[in-house]
Amino acid sequence: MKHEEISEDHSDPLIKALHRAIRAGIKILAVLMVFVIFWSIADVVLVLYNKLASPPFFLLDINDILETFAAFLVVLIGIEIFINIRLYLGSNTFPVELVIATALMAIARKVIVLDLKLVTSEQVVALGFVTLALGVAYWLVKHSNSLVSNNQNQDHTLN
C-alpha cells in the first residue's frame, strides 16, 4: 500500500517542513527501539542468570521456562516493531503484512504465558477470535500480495 501522507516533496512549504519533522520523529523512535531491544536482551540474560543461579542450580521449572520464552518473544516483537519502523521510513510503504505478523507474534506470546487460573472463559474465547481474525487477515494480505506479484510477472512477460 503506497501512501503519500508524509511525502518530503509537498508543494506547501509548511506541510513539507512538518513532514520532515514527523520523519525525524520516526527516526528517533527507531533509535529508541534499538535501545529498548538491547535493554530487553539484557533483561533476558539477567532473568535467565537469576533463575539458573538460584537453588536448585541450573534447573528451570515449567513456570521459569514459560517466563523465559515470554521474555524472548518480547525481544522478537521489539525487533519486528523496529523492522516496521525501518520499512516505513525506507519505502513510504505501510508494511501491512509485517504489522499483522507482529500482532500474531504478540498474540502468540500472550497465549504462551496465559495463566488459565487468572482469566475467564470469555477472555480465552476473545483471544481465540482475535487470533483467528489476525490469521485470516494475514492469509488474505499474503494471498492478495501473491496475486499482485503474479499479475505483474505476467505483464512483464507479455511486453
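Mentor: Leaving aside residues up to four places away in sequence, R109 touches A70, L73, V74 and I77, where contact means heavy atoms within 4.5 Å. The model is predicted, so local features need pLDDT of at least 70 and side-chain atom pairs count only at pLDDT 80 or more, while totals for chains, interfaces and linings use all residues. Residues are numbered from 1 along each chain as its sequence is written, and side-chain values use heavy atoms, with hydrogens and water left out.

R109 belongs to helix α3, residues 96-113; helices are DSSP runs (H or I, at least four residues) numbered from the N terminus. Along the chain, R109 and V74 are 35 residues apart, and their C-alpha atoms are separated by 7.6 Å. R109 counts as partly exposed because its relative accessibility is 26%. The scale runs from buried (under 20% relative accessible area) through partly exposed to exposed (over 50%), with a 1.4 Å probe and protein chains only.

Next, the salt bridges. A search of the whole structure finds 3 of them, each a side-chain nitrogen of Lys or Arg within 4 Å of a carboxyl oxygen of Asp or Glu. Side chains of opposite charge can pair when their charged atoms come close.

K51, D64 and E67 are linked in a network of salt bridges. Between D64 and K51 the closest N and O atoms are 3.3 Å apart. D64 is in helix α2 and K51 in helix α1, so this bridge ties together parts 13 residues apart in sequence. E67 meets K51 at 3.5 Å, N to O, and here helix α2 is joined to helix α1 across 16 residues. D64 is buried at 13%, whereas K51 is partly exposed at 22% and E67 is partly exposed at 38%.

T68 sits in helix α2 and, at 8% relative accessibility, counts as buried.

The loop between α1 and α2 holds P56 and F58. Most residues other than glycine have a negative phi, and most peptide bonds are trans. The peptide bond from P55 to P56 is cis, with omega near -10°. F58 is not glycine, yet its phi is positive, near 60°. F58 is exposed because its relative accessible area is 69%.

Last comes the interior. A nonpolar core is a set of buried Ala, Val, Leu, Ile, Met, Phe, Trp, Tyr and Cys residues joined through side-chain atoms within 4.5 Å. The largest one has 10 residues, including I26, M33, V75 and I85. Helices α1 (13-53) and α2 (62-91) are the elements that give two or more residues to this core. I85 touches I26, L29, A30 and M33, again not counting residues up to four places away in sequence. Apart from this core lies another, of 5 residues, among them I100, I107, L134 and V141.
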